[in-house]
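Visitor: Hello! I am new to this structure and would like to learn how to read it. Could you walk me through a few features?

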Amino acid sequence: MRTKLLAGAALGVLMAGTAQAQVQSGPGFFGYIDGSYLLPSGPGSQLTSAIPGQAHHGDGFGIDGKLGWSFGALDVAIGGSYHDYSAGKVAGTVVGPYQNTDTKVWFIEAEVGWTLRGPGWGVRPSLGVRYERVIARHSAALVGFTERTRGHGIGPHIGVDASLRLTQSLSVFGGIDTSFLFGKARSTNNATGSTS
């Protein structure tokens, strides 16, 4: 197995839309759990395509959660996520009448956050460590080609969450994070019997 840097930007695309604002209001437990739905991709998607411009990914689902304790401005939290991107099809690829793709991604993480507050707003930068695993499959039925990739990585992640109170009963939340993961990736296929 070759040691590789699992690009945080690429993994960030897979996890797009799952960031959750967790700006705290005082000491005590906090957390969330939510779900997500991924729409099928259009032509040329590079999310799970082994052949550029040729494969779609299908629809999929995800679940995310976080649980932590706030000491006031300082807090600690653990979280996790699982996303399953199901098979997609596209006609007329160069390796057969269609190509199927499937990707599963999950991670666990621990972090420390610090909340800054003002009248009606809050900002929470965070720093932590994340372990992530990716399992992907690409196949073309006509030529019987199948490629499987497994990868995992661990490394630091940083994020920022924010909240803004619009009225007494309405607030908006947003957040973004990224990870820099170092680990291993291994690919096998049945066309050449090769491993990389």
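Guide: Gladly, and please keep in mind that this is a predicted model. Let us start with W106, which counts as partly exposed because its relative accessibility is 31%, and partly exposed covers the range between buried, under 20%, and exposed, over 50%.

Visitor: Which ring pairs with W106, and why is the pair called tilted?

Guide: For a pair of rings, look at the distance between centres and the angle between planes. Planes under 30 degrees apart count as stacked and those over 60 as edge-to-face, with the rest tilted. The partner here is Y131: the ring centres are 5.7 Å apart and the planes meet at 55 degrees, so the pair is tilted. W106 belongs to strand β5 (residues 99–114) and Y131 to strand β7 (residues 121–140), so the pair ties together parts 25 residues apart in sequence. Y131 is partly exposed, because its relative accessible area is 24%.

Visitor: How many aromatic pairs does a search of the whole structure find?

Guide: The search finds three. One of them joins F61 and Y82, a tilted pair with 6.1 Å from centre to centre and 50 degrees between the planes. This pair also links distant parts of the chain, since F61 sits in strand β3 (residues 60–70) and Y82 in strand β4, 21 residues apart. F61 is partly exposed at 45% relative accessibility, and Y82 is partly exposed at 28%.

Visitor: Where is G80 found, and what is it in contact with beyond its neighbours in sequence?

Guide: G80 is in strand β4 (residues 74–85). Setting aside neighbours within four places in sequence, G80 contacts I63, D64, G65, F107 and I108. The C-alpha atoms of G80 and W106 are 7.3 Å apart, although 26 residues separate them along the chain. G80 counts as partly exposed because its relative accessibility is 23%.

Visitor: What lies over the face of F107?

Guide: That is R130, at 3.9 Å from the ring centre of F107.

Visitor: Now for the whole chain: how many helices and strands are there?

Guide: There are one helix and ten strands. In sequence order the pattern is β-α-β-β-β-β-β-β-β-β-β. Among contacts between residues at least 6 apart in sequence, 61% join residues at least 24 apart.

Visitor: And what share of the residues is buried?

Guide: Of the chain's 196 residues, 40% count as buried. The chain exposes about 10400 Å², and carbon and sulfur atoms supply 65% of that area.

Key. Residues are numbered from 1 along each chain as its sequence is written. This is a predicted model: local features need pLDDT of at least 70, side-chain atom pairs count only at pLDDT 80 or more; totals for chains, interfaces and linings use all residues. Side-chain values use heavy atoms; hydrogens and water are left out. Helices (H or I, at least four residues) and strands (E, at least two) are DSSP runs, numbered from the N terminus. Buried means under 20% relative accessible area, exposed over 50%, partly exposed in between (1.4 Å probe, protein chains only). Contact means heavy atoms within 4.5 Å. Rings of Phe, Tyr and Trp (its six-membered ring) pair if their centres lie within 6.5 Å; planes under 30 degrees apart count as stacked, over 60 as edge-to-face and the rest as tilted. A charge sits over a ring if NZ of Lys or CZ of Arg is within 6 Å of the ring centre and within 35 degrees of the ring normal. Accessible areas come from the Shrake-Rupley method with a 1.4 Å probe; for residues, only the protein chains shown count as cover.
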